[in-house]
Structures are given as C-alpha cells and as structure tokens.
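Please keep it open beside you as you read.

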Amino acid sequence: MPNAVVLHQVGGPENFRWEPMVVGNPGPGEVRLRHTFSGLNYIDTNFRRGDYPPGPLPAILGREGAGVVEAVGADVTEVHVGQRVAYASVMGSYAEVRLIQAERLVPLPEDISDDVAAASLLKGMTAHMLLARVRTIGAGDTVLYHAAAGGLGLFVCQWAKALGATVIGTVGSQEKSALARAYGCDHVIDYTHEDFVARVKELTGGRGVTAVFDAVGKATFEKSVSLVAPFGTIASYGAASGPAPRDVASRLPIDRFLIYPTLPGHVAGRQALLTAANALFDVIRRGAVRVRIGQRYSLKDVAQAHRDLESRRTVGSTVLSVQG
Amino acid sequence: MVKALRAQKAGGVDVLAWDDVSVAAPAAHEVSIRHTAIGVNYIDTYHRSGTYPGTVFPAILGVEGAGVVEAVGSAARTFKPGDRVCYPLARGAYCESRTIAENLLVRIPEGVSDDEAAAGITKGITVQHLFNRSHKVRPGDWVLFHAAAGGVGLFACQWARHLGVRLIGTVSSEDKAKAASNHGAAHTIVYTRENFVDRVKTITGGSGCIAVYDAVGKTTVKDSIKCVATYGTLCTFGSASGPSDMTIADLPPSIGYTKGSIMTLIGRPEEYRAAAAEFFDLVAKKIIKIEVNHRYALRDGAQAHRDLEGRKTTGSIILKP
C-alpha cells in the first residue's frame, strides 16, 4: 500500500504523519499518478497552520508534483499510461500515489526533468501570472519584488530581467543579497539596513515603479502601494508576514491598479494551463530562468522541510523525493 | 473688468449674481482667453450648493470652456493670440474672460465648433482615458458601463461602437435604454426593474465583462464586482470634481481594481493633448456626436441650473458670453 504524509489537525510540523493510504482506481477524467517528486511551497505552511483552510481533515497537503501516469480512467484524452507529467495548484502532492483530474496535468518534455518540474511549476507559473497576466512586463518597466531571494523571487526576478525590465529586489540579509543579485536583480535592498521606500524612490528618481509584487503582505503592503507610479500595478498574492489589508482598495491612489491574483484563476482551463507551463519550460530551456534546487528531502521528512522553510534556512526551491 | 456669474455663497440658484471681476495678466506659463462657450455640468450645481467641499465664495462656477487666446505669458510656447482652445476641469469658467495655465489648454481642430468643444472636452477625454488607460478595450470585448444614457455614457456608447467593443449599458428608464441603444450600446439593462448582475451573466454566457466602468458608486460597486471576468478590471471614476470618492472595502481575488481619473492625464501634457486630439478626431468625423441641445446667455446661467436640476434638459448645455 502506498504511503502519504497526512495532516490530522492544523498546527505545527509535528502534526504530519507518514501513513499507508488506499488509492483506488481512477474514475472518469481521472488519472492515478505515481509521484517521483513533490514540490514544497511556502503556502503549504499556511495550510498546515490553518491560515488558509486545508479542507476536510485528515488532509494531504502539497500543491505541486511530478511523476508517471500509472492508470487512466474513462474519457481521458490529455495523457496516457507511462507518460511523465507534472501539476501545480492541486492539493495532495505529499503522497507516493494519488488520483488527479487529467485536465490538470502538464505533459513533461524530454528536456525537463521530474525534479526540475516539481521545483518549478508552481513558482514558475506564478511568475508567468505576474509578468504576463497581472501586468505585461517589458523593456522600460521597473519592477519591485519583495523577498527577492525566496523560492518564488528567484523565478520572478530572473524572468522579469529576461523580459527587459529593471528589477529591484528586497532581501533580509547580506547572503540573500548576493543570491538575489545572481538571479536577476539589478538593485538589491537589504531592508534590515535600509529604508526600502526611500531607496526605491531614489532609484526611480521619485517616479515609483511599474509594478510591485508583494507576497510579504502585512509588513510591507501599505508601503508598497506608495511606491507605485501612475498607471502602475500593485499585486498582493501571499501573506508571509500575515495577510495584506483587503480594504486598501478604499485608499488606493487614482490611476493605480490593485489586484490579489491567484494561480488557480490564471491556469483555469486547459489552454491557459498549457500556455503558462510551456512559457515556463521555454525560459528554462533558454537558460533565462535557472532553477535552483537548494534542498532535497525524502517525502517522509517533510516536517523537517517545513521547519527549515519557516526558519528561513532554505534557498531557492525545495523538492521532496518519493521512493516508490 | 469683465462680467462673471458668481455664487455669492452656498445655496440655491438665487445666490448667482452677475458681477464685475478683474482678469489678471497672464503669468509666465499662463494664457488669457476670451470665452466663446462654457459647458454646464451637474457638478456645477454641487459647487453652488456647497454639496462638494472646497469652494471658496464668492465663486465663479463652471469647470470647462472654449474660447480664443488673447495674450500669452512670457514662457508660454504652445499657443499664440487668436488660437481656438478649450479646457476641462478648471474651476472658474462662468465668465467672459479668464487667465489659465497653458498646460490645461488643448487646441480645437478644424471641423469641431467651440460649442462642441466646450460641451465635450471633459467627457471626451474621460472616455478616452477609461478605454485606453483604465482598461485597454479591444474589439469583441464585453464591457459594462453604468449610466449609459448620461453625458459620459452616450460618448462611451458611441466610442465602443466605433471600436467594435460590445458595451452593455445600465439605465434607469425605457427612454434612456432607447437613447443608449441608438448611440451604440449592444445591450441595455433597465436596472430599476432588472437585476443587472444576472442579466450580465446571461448576456455574456457566464463569463462576465472584461471591464466594468462605474461612476455611480456606493449603490452599485459591490454588484459591479460580480460582473467582472477573471483578470478583468473594475474601474470606478469620479465626476468633474476630480478623483473618485467611491470605494470598495474588499476586493475579491483575481479582479483588478482602479480609480480612473483624468487628473493624472492632465499632469502629462503630451499624453493629455494626444487624448484630446483622438477625441476631437472622432467628433470631426461625426463618429461621436455632441448634442448641444440647450444654449443660454451666460448671464442667464441661473435658468440653466434651474432646468438642469429640474431634469428638463437632455444632452449638453452651454452658456454663451
């Protein structure tokens, strides 16, 4: 019987249990998938703590995975048995085997390995959402990215740079500053030493930036709003420091764009999903976006992975390997 | 000295008085103009009654006008005496002559009358701004526009038709529905007897509108949000008073929100004049018709206010000095 990491109640990482799990046969439109890797994302810790509802308990967390199709149900046309696939933004990847809707699976090209897919699909398609959907970023634009050395930050900053934008990143330490610089940032602000508002104003000659991408939330959001140039965009899509205030809409300055984008909205529908995934594979293939896998854990050690992620000891992407 | 219609204090139409006022010589970046036509907008009645704050009495009302350049300041380079010009959103229009910052003025091209310019400039660049900067509309797009039979609304209907944009307009009566349709609205919703959220869903096959333009405010914004397609834009925009004071407390996921205001545009002279030129081009080609249905002598402005507040007017009103 395959195993899975099961969360019986929300709270600390100690609540994860490695348990055998019955996985049935795929129903119509479904696939049984054997994971090779699961991705780890900061949002997983939000679900584990209960910041976001994880669904009925016990629950299997994890929103990103790669593997091989083991069996297909009726009416499945998107993938076939034996095919390498990956997915993001579908709960339940902390498992050796799972069932999943076939329409949510992205076929993997030969030159994209399973671990790279599990390390990149969620963050990479989120980067695509920010840079192509929330705002079309291009040459001449200036982008401010908070937590530029974080897992998602490395994707967004490199990709924005490849699109021709000037990228300003904020980080919380000297080591992270070097990392952010190596992964796309033109300017890095260590907010533990500098006032990022004053620095961004200085760097933009007082004009502000084309877009602020803020997954930090509460601690930075109001300041971020003040740094957006006329006709610029402020996107809030995470809550590392607590949720961003939702009533900012009331106080938004004129001719700025505010959005709380979500990846499920961006990749709703087969075509939108494949467009985002293929755009990501393309920038990886060209070397414009390098996928840094900073940590590897065995899936059953996910509790340790959560602890390291929450204590800021991780760098880049983390994958959880699944031995059959 | 020139004549001006001034509100002596906040109040009804009887506070308007036909006064002598002096006109300052233009400073370095200013221009003095002699008005040929002055637009009357509903906002003027709010300035008169004191509903909107910020009016210093005695106050020359009016926010848009057209005229001829008489003199230019030492550093003014764009215009020369004799040029036909107009402006939006500059208080102090109900007078024979005034001095004004050169950057606020735009040229009136051949094929557009002074009356049309005075009645249309504010609404025209507002729609240009909404359709280009607040959300760039494309042929085939579904958009929702509230108060589609109002002054800005009828321009939006005509502009949308010209662009191939499918505009759904909300209106308060059957007559207004007919007016919006005649001006190019693809669909109209009489919101007094129909639920506009349900109707928009039906009309768009469930997808909603890629842009929703809402200058109505508190009573509509929460329902307007429900009409926006995923990754579409809700745009609230204010009247001639400037920035919108309409708010939403809570923005749902994956919906863009912006407060459109031509104040930003006016701060950028090149973009501002390009927007005005685009609008006037459509007016000269008769793609957008400015219906100046009521003309009063400037000194009879009180009657214009009475008729406007009594809902006896349709289309645009101008005052003639």
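1. In chain B, H2(B) and H8(B) cross in a right-handed manner (left-handed if the near helix is turned anticlockwise from the far one by less than a right angle, right-handed if clockwise). Helix H2 covers residues 114–134 and helix H8 residues 269–284, with an angle of about 115° between them and axes 9 Å apart. Axes are lines fitted to C-alpha atoms, for helices over the stretch in contact, and angles run from 0 to 180 degrees between N-to-C directions. Helices (H or I, at least four residues) and strands (E, at least two) are DSSP runs, numbered from the N terminus.

2. A word on the model: it is predicted, so local features need pLDDT of at least 70 and side-chain atom pairs count only at pLDDT 80 or more, while totals for chains, interfaces and linings use all residues. Residues are numbered from 1 along each chain as its sequence is written, and chains are lettered from A and ligands numbered from 1 in the order in which they are written.

3. Among the residues that meet are B:Gly120, B:Ile121 and B:Gly124 in H2(B), and B:Ala275, B:Ala276 and B:Phe279 in H8(B); contact requires C-beta atoms, placed from the backbone, within 7 Å.

4. Next, look at B:Pro253, in the loop between strand S13 (228–237) and strand S14 (256–260) of chain B. Within chain B, the C-alpha atoms of B:Pro253 and B:Tyr231 are 8.9 Å apart, at 22 residues along the chain.

5. Chain A has domain 1 (3–121 + 268–321) and domain 2 (139–260), with bounds from an automatic or database domain assignment. Their C-alpha centres lie 27 Å apart.

Methods: Two residues are in contact if their C-beta atoms, placed from the backbone, lie within 7 Å.
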